[in-house]
Amino acid sequence: MPVMPVHPCYIERIAYAADTSAGKRKFFDRLQIVFDATAPGAQAPGAANSSAAATGASTPPFEVEPLRFADPTLALHASIEKLTNASVREQARSVLRDLKPIVLVAAKNKDLPSLRAFEHEDGSASIEWAFSKKRLTFSFEPDPRESGWFFVSSPEVGGVLASGALSGMQLKLLVDWAAM
Amino acid sequence: MGRNVGGAAPGLPPTCLRGLRKKSWAENGIVVFEAFMPDDNTAASRSDGGAETSVNWEDDDTVLPDTQRHSNAAHGVARVQLSEIRRINNAPNTRDALLAERTAGDPHHGNIVYRRDLAKLHRKMIATALALDCTFIAPPPGMNQSDGGGIGSGRPGGTGRSGSTPAA
């Protein structure tokens, strides 16, 4: 089966085209999009003279594999699931759930470094977003009351030292601080 | 415990050196906060209850190569500006959080001391600020890069805090 790598931003467009063009149907199992040459009005691109068009046989489907470089949170889920302490793991899951969509929006128009999760020997863990002159960290302790976020930046870009609890934190603001 | 001189004290050079004894403390030249986390075991022997991060004060050109030769610097050395310690001590939510001191009886060795009552989150934030602003100096060619040893002092041994591992 031929495979066509596609940037994630085109997936929606492909799905839309597949949904609205006559003779096409879509399957979202592994984002596989199959052209059905037997459907009424179907016309494969450049297939007018092909044997498939002549015989009405189905054109081989192609599989869409989105490239994954655009999501800075991509590795986080697997890393978090490996965290040993259940309380720490759940806190990290919760933050990732809220953080991911905000980071994806920020990453649409800008290359951003990947976020990474670390497990420490005392059972705590952290999600760190490291820029050359800024770092945003979410720190998870076995006792959630000790958990929180902090943001630091070099003097050249403001010299900020800020921190707070996980509850009530303004994630959008934190992401803007880090990514702007 | 040495002579406490505070973050803005006279008698200290503009920079100090922190040995990186664990590979995980610096990845691709980026130093992580764990390299600057203090050793809680040192608090028991201090009257102020503070916790120490061991450093060598860069008094002259011999201190860097001396530090690099030590096994505690197997994965490089981080150079920290005294001005960064001052800056942290002047920030509203970390005011006077750190002491910079020399150790009595050791010409170059000293500590960055974290105040006793700091919240864990603030200790990590301060360690991150030090890590962010430091300069990474790679180990010289041929340097042994195996894990082990203590903190990057000019002295043997040390009491380094354990590092972290990427969860991935």
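In the predicted model, buried residues account for 25% of the 180 residues of chain A, whereas 48% of the 168 residues of chain B count as buried. The secondary structure of chain A comprises 5 helices and 9 strands, which follow one another along the sequence in the pattern β-α-β-β-α-β-α-α-β-β-β-β-β-α. Chain B, for its part, contains 3 helices and 10 strands, and its pattern, read along the sequence, is β-β-β-β-β-α-β-α-β-β-α-β-β. With regard to contacts between residues at least 6 apart in sequence, 46% of those in chain A join residues at least 24 apart, while the corresponding share in chain B is 76%.

The two chains meet at an interface in which 27 residues of chain A are in contact with 21 residues of chain B. On the side of chain A that touches chain B, the elements that give two or more residues are helix 3 (76-81), strand 5 (116-120), strand 6 (125-130), strand 7 (134-140), strand 8 (148-153) and strand 9 (161-164) of chain A. Of these, strand 5 of chain A provides the largest share, amounting to 5 residues. When the residues on this side of chain A are sorted by class, 12 are nonpolar, 8 are polar and 7 are charged.

Within chain A, helix 4 (residues 86-107) packs against helix 5 (residues 171-179) at an angle of about 40°, and the axes of the two helices are 10 Å apart. Helix 4 of chain A is therefore oblique to helix 5 of chain A, since an angle under 35 degrees would be needed for the pair to count as roughly parallel. The crossing of helix 4 and helix 5 of chain A is right-handed. To the contact between them, helix 4 of chain A brings A:D98, A:L99, A:I102, A:V103 and A:A106, and helix 5 of chain A brings A:L171, A:K172, A:V175 and A:A179. By class, the contact of helix 4 with helix 5 of chain A consists of 7 nonpolar and 2 charged residues, with no polar residue taking part.

In soluble globular proteins, nonpolar side chains tend to be buried together. The largest nonpolar core of the present model has 62 residues, of which A:A92, B:A35, B:L98, B:I126 and B:A131 touch the most other members. The element that gives the most to this core is helix 3 (residues 120-133) of chain B, with 7 residues.

Residues up to four places away in sequence being left aside, A:S153 touches A:K133, A:K134, A:G158, A:G159 and A:V160. The C-alpha atoms of A:S153 and A:K82, by contrast, are separated by 29 Å, the two residues being 71 residues apart along the chain.

In chain B, B:A43 is situated in the loop between strand 4 (30-31) and strand 5 (51-57). B:A43 has 16 C-beta neighbours inside 10 Å and so counts as partly exposed, a class that lies between the limits of 12 or fewer for exposed and 20 or more for buried residues. Not counting residues up to four places away in sequence, the contacts of B:A43 are with B:G49, B:G50, B:A51 and B:R116. B:A43 and B:T103, which are 60 residues apart in sequence, lie 15 Å apart in space, C-alpha to C-alpha.

Most residues other than glycine have a negative phi. B:N28, although not a glycine, has a positive phi of about 55°. This residue is placed in the loop between strand 3 (26-27) and strand 4 of chain B, where B:N28 is exposed, because 5 other C-beta atoms lie within 10 Å. A positive phi of about 55° is likewise found for B:D96, which is not a glycine. B:D96 belongs to the loop between helix 2 (82-90) and strand 7 (98-102) of chain B, and with 11 C-beta neighbours inside 10 Å this residue also counts as exposed.

Notes:
Residues numbered from 1 in each chain as written. Chains lettered and ligands numbered in written order. Predicted model: local features only at pLDDT ≥ 70, side-chain atom pairs only at ≥ 80, totals over all residues. Contact = placed C-beta atoms within 7 Å. Helix = DSSP H or I, 4+ residues; strand = E, 2+ residues; numbered from the N terminus. Nonpolar A, V, L, I, M, F, W, Y, C, P; charged D, E, K, R; others polar. Axes fitted to C-alpha atoms, helices over the stretch in contact; angles between N-to-C directions. Parallel < 35°, antiparallel > 145°, perpendicular 65-115°, else oblique. Left-handed = near helix turned anticlockwise from the far one by under 90°. Core = buried A, V, L, I, M, F, W, Y, C linked by C-beta atoms within 7 Å.
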